[in-house]
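Please open the structure in your viewer and keep the selection tool at hand. The tour below goes from stop to stop, saying what to select and what is found there.

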Amino acid sequence: MNNTDVLLINPMDKTVVKNGLGLSVPPLNLMYLAGALEKASIGVKIFDDDLYQIGTQKINEYISKIAPKIVAITATTATITQALKYIRNIKKKSPNILTIIGGPHTTFRPIETLKNELCLDVVVIGEGEETIVELIDTYLKNVDNDYDSFLGDIKGIAYKKRINNLNFEDIDNELKTEENEIEDKYKENIYNNKKDNNDKIRLNEPRPLIKNLDELSFPARHLVDFKSYKLSSQSGGIITSRGCPFSCDYCSSSLIMGKKFRTRSSQNVVDELEELVYKYKVRDIAFLDDIFMLNKKRAEDIANEIKKRNLDINFVASSRVNTIQKSLLETLKSSGMSTLYCGVESGSQRVLNLMKKGITLQQAEKGFEIAKNLGINIVGSFILGYPGETTREMEDTINFSIKLDPDYCQYSILTPFPGTPIYNKLKKEKLLESENWDDYTVLKSVINYEKLGLSKKIVERKLAKAYIKFYTRPKYLIKHSSMIKVIMQTIYRSYIKPTFKEETPKGWYENL
Ligand code: SF4
């Protein structure tokens with residue numbers, strides 16, 4: 001095994017929410033990919049720049065030290081601009097490194113991303129474990145030949161044909177001449193998989209979803225400096241299922257992971273929990289599934305397996321409000337469940353229907369009551385500024401969240417991420433005010449609210465009002481006095497003294 005064939009990079013996330021909360025959690029998606037690569041005997045390292053905050057320029061010092069043949073980076077819509085900066089800086093310094101990107105944003109914009117970033121070679125589309133192994137294995141076997149002639153058969157990627165003697169200006173011009181033709185093909189969703197034409201960018205066939213999740217390797221957690229993360233529950237993040245049968249208009253989950261709810265066996269899940277507890281000394285666990293409690297029997301099986309093995313853990317898990325059942329919560333609580341995460345999203349039934357959320361306000365009230373009566377903490381999430389929502393309905397949402405009285409509330413402004421049905425609708429109706437992805441932080445308005453009879457200012461004020469009204473209630477502050485410190489820290493880190501490192505000490509990479 002070569003020491004480092006591949007370097008996986010988690011880019012720095014500079015969004016206010018992230019920085020403000022001081023959150024820094026191990027990059028679970030990259031650890032999954034690394035696990036799959038290690039299983040295939042491919043040498044891999046992870047560099048979590050969201051933890052180190054070294055930046056897009058200085059990353060080359062580390063690249064020179066470990067000399068990977070391939071760099072792969074993950075990106076969300078909020079981090080795509082930053083992620084591409086790493087790629088550009090790396091490629092300009094080391095033009096022979098193959099550059100790959102993956103994640104939810106580029107899954108829906110593979111051609112556009114390849115076209116706009118000349119230094120990017122390949123986009124991995126959708127679920128990545130099988131694709132990245134086949135892609136990198138193929139590349140390593142053909143690195144000295146025209147590797148790109150071998151990439152046409154790899155499902156689930158889009159890629160740019162190799163251009164020798166890289167000249168950034170020339171590539172730019174060549175790509176521009178084909179721009180319209182490529183865009184048309186993409187729009188028509190025609191897969192261009194011919195090996196013998198001269199197209200510069202190709203979109204291969206999609207890859208079928210992984211059938212048996214138990215066959216996936218556990219995340220390669222040993223590749224990150226586990227002790228450097230604040231050991232919140234998310235440090236012990238684990239995913240036990242993929243896919244969602246619902247079709248909420250603002251969500252792209254089922255478009256990436258499929259509508260079929262695919263699950264790991266309870267044995268396999270609890271084997272990984274044991275690894276977290278005994279090897280990594282983590283007892284606070286977050287089940288990061290989209291909907292952990294969708295299948296009652298499966299959730300109960302996991303709870304019973306945890307109890308059978310006497311695992312002493314605390315965990316948070318998610319549910320839709322209409323799948324909360326008393327008997328299930330009782331079983332989960334007896335196995336360590338401390339917190340329930342629920343997406344309620346609106347206090348207006350009309351807006352919930354617009355969202356295609358498929359729940360009712362009564363179900364939310366009933367679900368919260370069941371959890372509270374059992375002494376389980378609840379985190380509720382709510383969206384403001386849904387297209388078509390009125391000022392009155394935003395107020396209804398704020399008031400409903402207070403009436404439900406969860407332990408924590410997350411409010412956000414509707415952010416139409418690429419790939420979601422609401423994005424496509426707003427784009428078609430020319431209602432997107434910004435496609436600057438740096439604005440897609442869920443705290444800024446990116447929709448042209450004026451055309452919808454609202455205004456950007458109103459929506460942003462409602463967001464501030466929601467947080468202030470919920471978190472500054474005397475009743476709340478008495479019950480959750482520790483929140484005062486969190487609120488003050490968040491304001492300080494977000495607005496007064498952001499924590500990005502300006503200076504990096506020389507030789508920072510020596511001990512990595
Ligand atoms: S928001 Fe949740 S329930 Fe709705 S589609 Fe997305 S993952 Fe499924």
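At what angle do helix H16 and helix H17 pack, and how far apart are their axes? Select residues 361-373 for H16 and residues 391-404 for H17, and you have two helices that pack at an angle of about 25 degrees, with axes 10 Å apart. That angle makes H16 roughly parallel to H17, a term used for angles under 35 degrees.

Before going on, note that this is a predicted model, in which local features need pLDDT of at least 70 and side-chain atom pairs count only at pLDDT 80 or more, while totals for chains, interfaces and linings use all residues. Residues are numbered from 1 along each chain as its sequence is written, and side-chain values use heavy atoms, with hydrogens and water left out. Helices (H or I, at least four residues) and strands (E, at least two) are DSSP runs, numbered from the N terminus. Axes are lines fitted to C-alpha atoms, for helices over the stretch in contact, and angles run from 0 to 180 degrees between N-to-C directions.

Stay with the helix pair and show side chains: Leu-361, Ala-364, Glu-365, Phe-368 and Lys-372 in H16 meet Phe-400, Lys-403 and Leu-404 in H17, where contact means heavy atoms within 4.5 Å. By class, this contact of H16 with H17 holds five nonpolar, no polar and three charged residues.

Next, select strand S14 (residues 377-384), which pairs with S15 in the parallel sense over six bridges; strands count as paired if DSSP finds at least two bridges between them. To find one of the bridges, pick Ile-383, whose partner in S15 is Ser-412. Widening the selection shows an open sheet of six strands in the order S8-S11-S12-S13-S14-S15, with parallel pairing. Strand S8 (237-238) and strand S15 (408-413) stand at its edges, each with a single partner strand, so one side of each has no neighbour in the sheet.

A second open sheet has seven strands, in the order S2-S1-S3-S4-S5-S6-S7, with mixed pairing. Its edge strands are S2 (44-48) and S7 (201-203), each of which pairs on one side only. Within this sheet, select S5 (residues 122-124) and S6 (residues 157-160), which run antiparallel and are joined by three bridges, and note that Val-124 has Ile-157 as its bridge partner in S6.

Finally, select the ligand and the residues around it, which are Cys-244, Phe-246, Cys-248, Tyr-250, Cys-251, Ser-253, Asp-290, Arg-320 and Lys-357, each with a heavy atom within 4 Å of the ligand.

Definitions and conventions
Parallel < 35°, antiparallel > 145°, perpendicular 65-115°, else oblique. Nonpolar A, V, L, I, M, F, W, Y, C, P; charged D, E, K, R; others polar.
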